[in-house]
Each structure stands twice: as C-alpha cells, then as structure tokens.
Amino acid sequence: MSASVSFTVPTPTGPRQLTVSYAREGDGEPLLLLHGIGHHRQAWDPVIPVLAKERDVIAVDLPGFGESPALPDGLPHDLPTMTTVLTALCEALGVERPHVAGNSLGGLLALELGRAGRVRSVTALSPAGFWSEAERRYAFGVLLTMRQIARRTPSSVVERLAPSAVGRTLLTSTIYARPARRAPEAVIAETRALAHAEGFSETLRSGRGVRFSEDVPGLPVTVAWGSRDRLLVPRQGVRAKTVIPRARLVRLPGCGHVPMNDDPALVARVLLDGSR
C-alpha cells in the first residue's frame with residue numbers, strides 16, 4: 001500500500017522537513033529497498049510478494065524520484081545527505097537498523113548506509129561507484145540519453161509501443177536483459193518516472209566524483225551482478241570484491257542492470273539469503 005511520511009533532517013542551517021513516498025508490506029525483520037537513478041520503487045514489484053512472506057518490506061521512492069518530492073533547496077542529492085535522509089526516514093517509520101538492499105544508485109546508498117553502521121546487512125545489485133572513469137562516463141552518457149528519449153517521446157507513443165514485446169525492448173532493453181517480460185503498464189510508468197524525475201540531474205551531477213573505496217566491516221555484505229548488465233559492466237563486481245573483501249559476490253546469469261524483473265525468483269533468493 002502506498003503511503004508517505006514527513007520528517008525533519010538536521011542541516012548546517014537548521015532542521016529541514018521533507019516527505020518520502022513508500023510502500024510497506026509483509027512481516028518479519030525490516031528490509032529497506034532502494035531503487036536506481038531515474039527509476040521508482042515499483043522496480044521491486046516483481047520480488048516483493050516473495051520477500052514479504054519473510055520480511056517487513058519497505059520500498060522507497062528516493063527524494064526527487066517516483067512520488068517523492070526533491071530535496072529542499074540547499075540540500076544536495078549526494079551521499080552524505082542521502083545517508084542522513086534515509087537514517088531519518090527509518091527513524092520516522094519506527095525501524096531500527098533494517099536490512100537494506102539496493103540496485104545501482106540504491107546499491108551505492110545501501111553500501112554507504114552499511115559503512116556508516118546504520119543497517120544490519122547490505123545486498124547491493126549492480127551498485128554504482130565501482131567504475132573506472134571511462135566506465136563512469138559511458139554509464140552517465142547512456143543515462144542522459146535515456147532521460148532525453150523519455151522526456152522527448154510523447155506519452156501517446158510510449159503507450160502505443162509498450163503493449164508489444166518489440167516496443168518494450170525498444171524502451172527498456174538498456175536496463176533489462178529480458179524486456180519482453182516487463183508488463184506494459186510497468187514500462188509506461190517507469191518511462192514517465194524517468195522523464196519527470198526531479199532529482200535526476202542533481203543526483204547525476206553529484207555522482208561524477210564518486211568512487212566507493214572503503215570496506216564495509218562488521219556486517220554481512222552481498223554484491224550481485226547481472227551477467228548481461230549493459231550499463232555497469234559485470235567486471236565492476238570484481239572491483240567491489242576487492243574493496244569489500246568479505247563480501248559475498250554473486251553472479252546473476254541472464255540478468256541485466258535491473259535484475260528484479262529478469263529473474264524474480266533468483267533475485268528474491270539472493271535478497272533473503274543476504275538478509276539472514
């Protein structure tokens with residue numbers, strides 16, 4: 001069920017209020033789900049029914065994405081700010097040190113929450129931040145192109161393309177290895193989410209100098225990578241294992257950058273195993 005919560009976060013100029021949209025389902029230990037840049041919490045829909053049988057699942061629209069407003073003026077969409085925001089969000093929801101799983105940008109945020117000791121386990125699916133400079137420039141170029149296409153394509157055209165497998169492939173093959181499996185209405189919604197994401201430009205700008213280079217000690221970490229990830233290539237998973245030596249590195253055969261739709265059963269199992 002969709003809901004929203006308002007809370008304050010400390011800033012150098014005093015407390016600021018913001019609102020975050022989320023959906024919560026299931027019972028058990030809390031599991032916070034964080035999506036990638038330009039996406040929205042519905043990216044997790046294919047795996048939530050399985051996860052909710054064993055976890056209190058909280059899927060979040062990050063500030064400036066989905067139904068969550070952008071951060072107030074003066075608050076940058078960077079790692080320190082987002083760590084503070086997500087910590088305050090958990091407090092507002094009455095959740096203490098949840099498990100956390102994230103994809104892409106969400107994976108980077110999950111690892112940062114783990115490094116800060118705010119969570120009890122981390123599962124990162126194709127997390128950002130383990131790129132070379134050339135790989136980062138390539139990924140950012142692809143993301144900007146996707147954003148421009150989403151903004152320039154009329155809604156009527158998206159709605160005509162989405163019902164066919166070929167149309168869904170044209171719209172989403174950059175992030176899905178099996179785009180034809182994505183439901184037409186989901187493709188329409190996520191194309192609109194990318195086009196209207198208020199936080200996209202600021203978040204991408206903040207990521208230019210990001211390189212995750214510190215270990216995440218003291219808690220279980222799983223890093224999983226799709227074998228057909230075309231945005232953040234799989235060799236970046238090897239770098240992640242070098243930076244976080246105790247991490248469990250998992251290969252997701254046949255999966256793309258957003259693997260939850262490509263193989264929901266496999267991804268759900270990886271998330272549940274990572275949060276045990």
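What share of the contacts in the chain with a separation of 6 or more comes from residues 24 or more positions apart? Such residues account for 71% of those contacts, a contact being heavy atoms within 4.5 Å.

The model is predicted: local features need pLDDT of at least 70, side-chain atom pairs count only at pLDDT 80 or more, and totals for chains, interfaces and linings use all residues. Residues are numbered from 1 along each chain as its sequence is written, and side-chain values use heavy atoms, with hydrogens and water left out.

**Figure 1. The whole chain.** The chain holds 11 helices and eight strands; these are DSSP runs numbered from the N terminus, helices being H or I with at least four residues and strands E with at least two. Its radius of gyration is 17 Å, close to the 19 Å that the globule rule gives for 276 residues, so the chain is as compact as a globular protein of that length. The radius is taken over C-alpha atoms, and the rule is 2.2 Å times the number of residues to the power 0.38. Along the principal axes, the C-alpha atoms fill a box of roughly 45 × 40 × 40 Å. Of the 276 residues, 56% count as buried (under 20% relative accessible area; exposed is over 50% and partly exposed in between, with a 1.4 Å probe and protein chains only).

**Figure 2. Helix H2 and its cover.** Helix H2 spans residues 79-92. From first C-alpha to last, its 14 residues reach 20 Å, close to the 20 Å expected at 1.5 Å a residue; the expected span is 1.5 Å times one less than the number of residues. H2 is mostly covered, with 10 of its 14 residues buried. Among them are Leu-79, Met-82, Val-85, Leu-86 and Leu-89. The cover over the buried residues includes strands E1 (2-9), E2 (16-25), E3 (29-34) and E4 (55-60), together with helix H3 (105-115). Gly-94, with a positive phi near 75°, follows H2.

Figure 3. Arg-168 lies in helix H6 (residues 165-172). Arg-168 is buried yet has no salt bridge (a side-chain nitrogen of Lys or Arg within 4 Å of a carboxyl oxygen of Asp or Glu). The nearest side chain of opposite charge, Glu-185, is 7.8 Å away; Lys and Arg count as positive, Asp and Glu as negative, and His and the chain ends are not counted. A polar atom of the Arg-168 side chain lies 2.9 Å from the backbone oxygen of Ala-180. Leaving out residues up to four places away in sequence, Arg-168 touches several residues, including Leu-161, Pro-179, Arg-182 and Val-187.

**Figure 4. Salt bridges of Arg-276.** The whole structure has 15 salt bridges. One of these joins the side chains of Arg-276 and Glu-54 at 3.0 Å, N to O. Arg-276, in the segment after helix H11 (264-274), and Glu-54, in the loop between helix H1 (48-51) and E4, are 222 residues apart. Arg-276 is exposed at 55% relative accessible area, whereas Glu-54 is partly exposed at 36%. Arg-276 also forms a salt bridge with Asp-273, with the closest N and O atoms 2.6 Å apart.

Figure 5. Arg-136 and Glu-133 form a salt bridge, their closest N and O atoms being 2.7 Å apart. Because the two are three residues apart in helix H4 (residues 133-152), about one helical turn separates them. Arg-136 is buried at 9% relative accessible area, while Glu-133 is partly exposed at 33%. Elsewhere, a network of salt bridges links Arg-41, Asp-61 and Glu-67.

Notes:
Polar contact = N/O pair within 3.5 Å; in protein donor to acceptor, adjacent residues only side chain to side chain.
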